[in-house]
Amino acid sequence: MGISILAANKNGLFANNENTIKNGQDNKEAKGGKSIFAGSFNLQNNNNIELKRKLAQKRAMKIVSDTFASEQKIDGSMDEMRAQQEQLKQETLENKKSIKEIQEQREKLMGDYNVTEESQEHKDLELLRKETSGGKLSDEEKERLATIHENGLTNYQKDMLELDGQEEVYQRLASQKESAFKSISGSLADMQIERLKKHPMVDSTKQADEIMEAANKELVGDLYAEAKDHIDEKMEEAKEKAEEKAEKKEEEETKEAERKKDKLELEKQIEQAKQNAAEAAGSEIRVPDQPSMDTSDMQEIIDQNSNGTNDTTKIEREIEKLVEELGLIMEDLKGSKVDMSI
């Protein structure tokens with residue numbers, strides 16, 4: 001009984017786990033792969049889980065099989081005892097059959113010797129039997145026994161006493177076998193009662209069920225833990241990517257702000273250079289807005305700076321070049337003023 005229960009437990013427990021995993025995979029495919037199911041992971045500890053399951057099955061089976069083997073041993077002992085009882089019973093019947101045959105032989109002897117129970121020869125036989133059995137004798141009986149022994153026993157008396165001796169042997173054997181039979185019956189009854197008290201097969205089956213149930217919970221826990229670790233790992237990766245993206249965006253924004261700042265600074269410096277050139281030429285001379293540098297040239301300098309060129313030395317060289325050109329223009333303008341006055 002325990003083995004069949006255990007087998008049912010084993011098949012039901014782990015078949016359910018496999019169906020659960022399969023259903024989880026089907027649900028994932030139905031949802032377009034958006035759901036996460038632990039059974040679909042290629043887990044590194046799958047072999048460990050399978051090993052734990054097999055070990056739990058082995059422990060459960062060992063408990064039941066050991067108990068079953070113990071019960072079989074007890075059953076074997078009880079069968080041997082019953083066989084002994086049967087043998088004792090047959091031997092007792094044989095002894096009683098022999099005793100019955102002896103009783104028939106007595107009746108035959110009485111007929112053969114033409115002796116009745118009322119005859120003196122038979123009464124003397126009863127007195128001899130009393131003496132042999134150790135019974136209490138009266139003085140009169142003792143005197144009669146002395147006379148019998150003095151005269152000698154008759155053939156009838158000798159044959160009857162010999163049959164008595166044989167019957168006594170068979171009676172003793174039958175009594176011993178009956179006692180042994182009763183003793184075995186008592187032992188068998190005690191063993192049956194003890195079995196009913198302990199019911200080892202039921203207990204071992206229950207223990208095996210508990211082992212399988214605990215193993216089931218442990219395996220489910222391992223699957224959940226593995227799934228949680230997998231999800232935590234994915235979330236950590238997503239978090240790191242988000243932080244990296246945010247840092248990169250912040251860096252780009254910082255660079256953009258610096259480019260805008262440099263652009264404004266360059267524009268201010270150019271404007272200041274233009275003003276300085278105009279002041280140096282005097283109020284009579286009009287300073288061209290963009291001497292020797294058209295709008296496209298100016299814009300090119302600004303665009304270069306806006307495209308990420310943060311080299312301060314280059315900017316300063318461009319400004320110095322602009323100032324030099326403005327200075328030459330101013331000198332040319334001053335020369336033109338003199339010529340006009342002449």
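Predicted model: local features only at pLDDT ≥ 70, side-chain atom pairs only at ≥ 80, totals over all residues.
Close-up 1. With a relative accessibility of 8%, N95 counts as buried, because buried means under 20% relative accessible area. When neighbours within four places in sequence are left aside, the residues in contact with N95 are Y170, L173, A174 and K177.

**Close-up 2. Helix α3 and the residue just after it.** Helix α3 takes in residues 120-133, and its 14 residues should span 20 Å at 1.5 Å a residue, which agrees with the 20 Å that lie between its end C-alpha atoms. Within α3, the residues H122, D124, L125, L127 and L128 are buried. Just after this helix comes G134, which takes a positive phi of about 85 degrees.

**Close-up 3. The crossing of helices α3 and α5.** Two packed helices are described by the angle between their axes together with the distance between those axes. Here the axes of α3 and α5, the latter helix being formed by residues 155-198, come within 10 Å and cross at roughly 40 degrees, and the two helices are therefore oblique to each other. The crossing in which α3 passes α5 is right-handed.

**Close-up 4. Residues in the contact of α3 with α5.** On the side of α3, the contact is made by E121, H122, D124, L125, L128 and R129, while α5 contributes Y156, Q157, M160, L161 and D164.

Definitions and conventions: Residues numbered from 1 in each chain as written. Heavy atoms only, no water. Buried < 20%, exposed > 50% of the residue type's maximum accessible area, 1.4 Å probe, protein only. Contact = heavy atoms within 4.5 Å. Helix = DSSP H or I, 4+ residues; strand = E, 2+ residues; numbered from the N terminus. Expected span 1.5 Å × (residues − 1). Axes fitted to C-alpha atoms, helices over the stretch in contact; angles between N-to-C directions. Parallel < 35°, antiparallel > 145°, perpendicular 65-115°, else oblique. Left-handed = near helix turned anticlockwise from the far one by under 90°.
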